[in-house]
Amino acid sequence: MIRALTAAEAERHAPALGALLRACVEDGASFGFVMPFAQAEAEAFWTQSVLPALGRDDRVLWAAFEDDALVGTVQLVLGMMPNQSHRAEVSKMLVHPRARRQGLGRTLMATLLDRAASEGRQLVTLDTRSGDAAQALYAACGFEMAGEIPGFALAPEGTDRRDPTTYMYRRL
């Protein structure tokens, strides 16, 4: 089951959201965090960064549950500058490693794109570590590559390696 969470619901789910983020990074996903990092740091990302934006209606957070366990999320960033009100951004599509390759990512993305269209957005953008499985998923969901920036982010494993990032877009 996928549903949008209010700020209050997201706050109640902060431990599960933090655990999902950690599980994805521990599995090698690049989401802005570098191992090792504490559960409290993962929860703080949600409570300090995401919840305020949810409360302002600048962002929508969907959560996917399987038997009451949180297994995925995706965010649609709607709070844009006035000259960008025609577009939105995808943020933090997380699918628990044990729930991958079952269509959940596609379903989360379809939900997000439907909402973006209903909000009158004509362009949706995102970035992803170049070469990740997520890049292929986004391409399969109709996103096109805009370009790549080398050395963009430190590797999630905590090494000195700097990975490239690919920027993608989809017109609605």
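These are my notebook entries on a predicted model.

**Entry 1: the sheet**

I began with the strands. Seven of them form an open sheet, and I read the order as β1-β2-β3-β4-β5-β7-β6. The pairing is mixed. Which strands stand at the edges? I found β1 (2-5) and β6 (144-154) there. Each has a single partner strand, so one side of each is left without a neighbour in the sheet. Neighbouring strands are turned by 25 degrees against each other on average, direction ignored.

β2 and β3 pair in the antiparallel sense, over eight bridges. Within β3, Gln 75 stands opposite Leu 61.

**Entry 2: helices on the sheet**

I then asked what α3 touches. It packs on the sheet and touches β1, β2, β3 and β4. Its direction makes about 120 degrees with that of β2. Helix α4 (residues 104-118) lies across β1, β2, β3, β4, β5 and β7. I noted its angle to β3 as about 35 degrees.

Is Gln 48 buried or exposed? It is exposed, with a relative accessible area of 61%.

**Entry 3: helix α2**

Helix α2 covers residues 14-26, 13 residues in total. From first C-alpha to last it reaches 18 Å, close to the 18 Å expected at 1.5 Å a residue. I listed its buried residues, among them Leu 17, Leu 20, Leu 21, Arg 22 and Cys 24. What do the buried residues of α2 pack against? I found α1 (7-12), α3 (39-55), β2 (59-66), β3 (69-77) and β4 (87-95). Just after α2 comes Gly 28, with a positive phi of about 105 degrees.

**Entry 4: cysteines**

I looked for disulfides and the count came to zero. A disulfide would need the two sulfur atoms within 2.5 Å. Cys 141 is in no disulfide either. I checked burial too. Cys 24 is buried, at 0% relative accessible area. Cys 141 counts as buried at 11%.

**Entry 5: salt bridges**

Side chains of opposite charge can pair when their charged atoms come close. I found ten salt bridges in the structure.

Asp 58 counts as partly exposed at 25% relative accessibility, and Arg 56 is exposed at 52%.

Then I turned to Asp 163. It forms a salt bridge with Arg 129, the closest N and O atoms being 3.2 Å apart. This pair links distant parts of the chain: Asp 163 sits in strand β7 (residues 162-171), Arg 129 in strand β5 (residues 123-129), and 34 residues separate them. Both are buried.

Asp 163 also bridges to Arg 161, where the closest N and O atoms are 2.6 Å apart. Here the burial values were worth noting. Asp 163 is buried, with a relative accessible area of 8%. Arg 161 counts as partly exposed, at 39%. Which residues do shared partners join into one network? I wrote down Arg 129, Asp 132, Glu 157, Arg 161 and Asp 163.

Definitions and conventions: Residues are numbered from 1 along each chain as its sequence is written. This is a predicted model: local features need pLDDT of at least 70, side-chain atom pairs count only at pLDDT 80 or more; totals for chains, interfaces and linings use all residues. Side-chain values use heavy atoms; hydrogens and water are left out. Helices (H or I, at least four residues) and strands (E, at least two) are DSSP runs, numbered from the N terminus. The expected span of a helix is 1.5 Å times one less than its number of residues. Buried means under 20% relative accessible area, exposed over 50%, partly exposed in between (1.4 Å probe, protein chains only). Contact means heavy atoms within 4.5 Å. A salt bridge is a side-chain nitrogen of Lys or Arg within 4 Å of a carboxyl oxygen of Asp or Glu. Two strands pair if DSSP finds at least two bridges between them. Axes are lines fitted to C-alpha atoms, for helices over the stretch in contact, and angles run from 0 to 180 degrees between N-to-C directions.
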